[in-house]
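The reader may wish to keep the structure in view throughout.

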Amino acid sequence: MTGSGKVATSNGNHSNGHSNKPADYTARENQTDEAKKIQCYLTPEEFRAVRIMQEDTYPYEVIQEIADFIVKGSGMRPRIGIICGSGLGSLADIIQDAKVFEYEKIPNFPVSTVEGHAGKLVVGNLEGACVMAMQGRFHFYEGYPLAKCSMPVRVMKLCGVEYLFATNAAGGINPKYMVGDIMLMHDHVNMLGFAGNSPLQGPNDPRFGPRFPALVNSYNKDLINKALEIGKAMGIESNMHVGVYSCLGGPTYETIAELKALRLMGVDAVGMSTVHEVITARHCDMKVFAFSLITNKCSIEYDDKRDQEANHEEVMAVAKNRQKACCELVSRLIREIHAMPPSGTQAAKTGV
Ligand SMILES: O=P(O)(O)O[C@@H]1C[C@H](O)[C@@H](CO)O1
């Protein structure tokens, strides 16, 4: 590959036949043998960065080491894990007695590359419960394999987390959804899975879960019902929905034809994350609560006169506007979970 992503031919020409070697090629001649073999114009540093990004094997022992690093470094054993969606990093800002780990400083951890994803892991207390929050998630379009995107969910599991709260910013396809609404996820359509991609691809380690996990009832119904009650108490029930989310690979927003197809499949909101995290969490038997903040309405009509083009600035601005409601919903739900006995006890087995 060239620095611009074009494939170079053996005579040095790009496969589009127009340009020759990049102008800065002479500065790039100090290549590794491996890079030379595939006619790669990346510098050794770039080549190494791509290799690290695409490395997707995280053996159990490595994940255990990361978990130990976090538990020892924080002196806490979190019970609830939170993944903050785009612009929803404030969910981690409300954590008290926080111990903050920058992703760069956590051994073997990927780094965040997207605006609105700070790249910090925050461990502390929220409503009396010990929680850990990812202020910044990993997306497939950043170049990470899905297993790497959702590897932190396994870290959470080995830290002791029982509940995953996954949040995201999403486009509303259901015409009833308005910007700023909250959709509690009760199911998903795994479009990347349709294309043969899964975070569970490759050898299965039964210490995490079974080879063929079932995904019906992935989204905990009791937590959805509790969240609806909380929404009512907050006076936002008319801005809350229960619906189906779908994740596409991104980073492009969807075409109208794609949106029409998703709507036909029963999808209410579309984004670029969460599904692989939920799959990984269910595989290792975590209870999942997830919601989408609807940051933009997706037009599914070609002759729609409104200016409906999605953009990340708008996504971030809406998330900022609605962060208070999202924080309150999450805090109140965590308060309820904290009041329940830990799972494993007889009483807990009958509840969520
Ligand atoms: O991390 P999430 O899923 O909240 O972020 C969404 C999807 C893209 O990363 C970005 C597009 O604006 O927001």
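This is a predicted model: local features need pLDDT of at least 70, side-chain atom pairs count only at pLDDT 80 or more; totals for chains, interfaces and linings use all residues.

Four elements contribute two or more residues each to the lining: strand 5, strand 8 (269–271), strand 9 (287–297) and helix 11. Strand 5 provides the largest share, with four residues. In terms of residue class, the lining of the second largest pocket contains twelve nonpolar, nine polar and two charged residues.

How many residues surround the ligand? The shell consists of 13 residues, the closest being His 139, Tyr 141, Tyr 253, Ser 273 and His 312. Strand 5, spanning residues 163–172, and helix 11, spanning residues 312–338, each contribute at least two residues to the shell. Sorted by class, this shell holds five nonpolar residues, seven polar residues and one charged residue.

For Tyr 141, a side-chain N or O atom is found 2.6 Å from a ligand oxygen atom. Tyr 253 likewise places a polar side-chain atom 2.6 Å from an oxygen atom of the ligand. In the case of Ser 273, the distance between a side-chain N or O atom and an oxygen atom of the ligand is 2.6 Å. The ligand on its own has 340 Å² of accessible area, of which the protein covers 96%.

As background, most residues other than glycine have a negative phi, and most peptide bonds are trans. Where does the chain contain a cis peptide bond? The bond from Gly 250 to Pro 251 is cis, and its omega is near 0°. Pro 251 belongs to the loop that connects strand 7 (240–247) with helix 9 (256–264). The other feature concerns Asp 97, a residue other than glycine with a positive phi, near 50°. Asp 97 is located in strand 2, which covers residues 96–102.

Terms used:
Residues are numbered from 1 along each chain as its sequence is written. Side-chain values use heavy atoms; hydrogens and water are left out. A residue is near a molecule or strand if one of its heavy atoms lies within 4 Å of it. A polar contact is a pair of N or O atoms within 3.5 Å; within protein, one must be able to donate a hydrogen and the other to accept it, and residues adjacent in sequence count only if both atoms are side-chain atoms. Accessible areas come from the Shrake-Rupley method with a 1.4 Å probe; for residues, only the protein chains shown count as cover. Ala, Val, Leu, Ile, Met, Phe, Trp, Tyr, Cys and Pro count as nonpolar, Asp, Glu, Lys and Arg as charged, and the others, Gly among them, as polar.
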